[in-house]
Amino acid sequence: MLSVDVIAKLGVTLIALNDNFIQCTYLDNYNMKKILVTYNMFRIGYADLMERYDVTFPPDGVESFTYEEVLGMIDQYDAIQSMFNFPVDKQLLDAGTKLQVVSNYAAGFDNIDIKYATERGIQVTNTPDPVTEPTADQAMGLILDVSRRITELDRKLRQGRVKVGLLENLGHSLAGSTLGIIGMGRIGQALARRAIASGMKIVYYNRSRIAPQLEELYQAQYLPISELLHCSDVVSINTPHTAETHHLIGTEELKAMKSTAIIINTARGPILDEYALSNALKEGEIWGAGLDVFEFGHYPIPELLEMDNVVLNPHNGTQTIEVRNEMAYYVSRNIINFFEGIEPIARVNDINKTEGK
Ligand code: GLV
């Protein structure tokens, strides 16, 4: 016969009905799913998740759990909410013996071993909707900034380095110019809408052509990448980072661009070979660059920091208060929907099931 203590530890509530009879009811949280959130975020977007499940956040004042910390505790969790730069690799997935869902706080998911997660029957989800418009804003902002030299001239003005004159500080006009979008998914199309408003003509490259009615909507011409690079005044990278797109733009591709052209990357750093970019800028093979993402982590290579014709942002594409909360809501809803047997908002992999195990 189990002692009262042991029974309590098993998660049951004991209700004494009379001296001889004890009724056991399961505590509400006995079977409660455990969710691990790797990064400290505003809690508002997590309200629904916290209402239903036992949610662990990093302690107050700690930005995020380290990989090693997560590795050490993942076996207790049914779901993890990972950040776009947090590696969810084979080792972590293997350690997650109870893991059913990886809900990535990002549209991109190159931080996750999707193939292995699928083999293990683990559902991976992402957040494409909340990131589409703000990332396109960021790309358009960088296009305007680099082509009109806004940040460069602000910096020079503050430092007393600016020369004023009608033939000084000349940039390039957007109206009538051509924007080449590499990756015509949601963000690429949202960027096209903004660029059209600035009078730009759209050409694009994508793994497959978009629907004819969308091509017509954006008056967008599909081109092989070599032709796109050749004819564009602005090239914007909006494709996911995969083995195929790693260094998609390198020395040869930059050489193929116009010497007056600019390149924008708001997708993932390693798609653009940063050393090749710095050489191309130094040699005047292209005119400027706007980067929101870098090849080697949070910072660009030092050479780029020295160049006036490069605008650099620290992966700021989705950094608004509104988007942070929307993304938290999405990652939460993806987990809740999965456990409640409803279609998650955005599945990344197909594990042939619509509900939790
Ligand atoms: C941000 O980089 C994202 O992938 O959502």
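Start by selecting Val235 and Ile263: in this predicted model, valine 235 stands opposite isoleucine 263, which belongs to strand E12. Now widen the selection to the strands themselves. E11 covers residues 234-237 and E12 covers residues 262-265, and the two pair in the parallel sense over four bridges.

How does the chain get from E11 to E12? Select residues 251-256 and you'll have helix H11, which the chain passes through on its way across. This β-α-β crossover is right-handed.

Next, hop over to E11's other partner here, strand E8. Select residues 178-182 and show them together with E11: these strands run parallel too, and four bridges join them. For a pair to zoom in on, pick isoleucine 182 and isoleucine 237, the latter in E11; they stand opposite each other.

Time to zoom out and select everything. Colour by secondary structure and you can look for 14 helices and 14 strands. How much of the protein is buried? Of its 357 residues, 40% count as buried.

Last stop: contacts. Take those between residues at least 6 apart in sequence, and 59% of them join residues at least 24 apart.

How values were computed: Residues are numbered from 1 along each chain as its sequence is written. This is a predicted model: local features need pLDDT of at least 70, side-chain atom pairs count only at pLDDT 80 or more; totals for chains, interfaces and linings use all residues. A residue is buried if 20 or more other C-beta atoms lie within 10 Å of its own, exposed if 12 or fewer, and partly exposed in between; C-beta atoms are placed from the backbone. Two strands pair if DSSP finds at least two bridges between them. A crossover is right-handed if, with the strands pointing away from the viewer, the path from the first strand over the helix to the second runs clockwise. Two residues are in contact if their C-beta atoms, placed from the backbone, lie within 7 Å.
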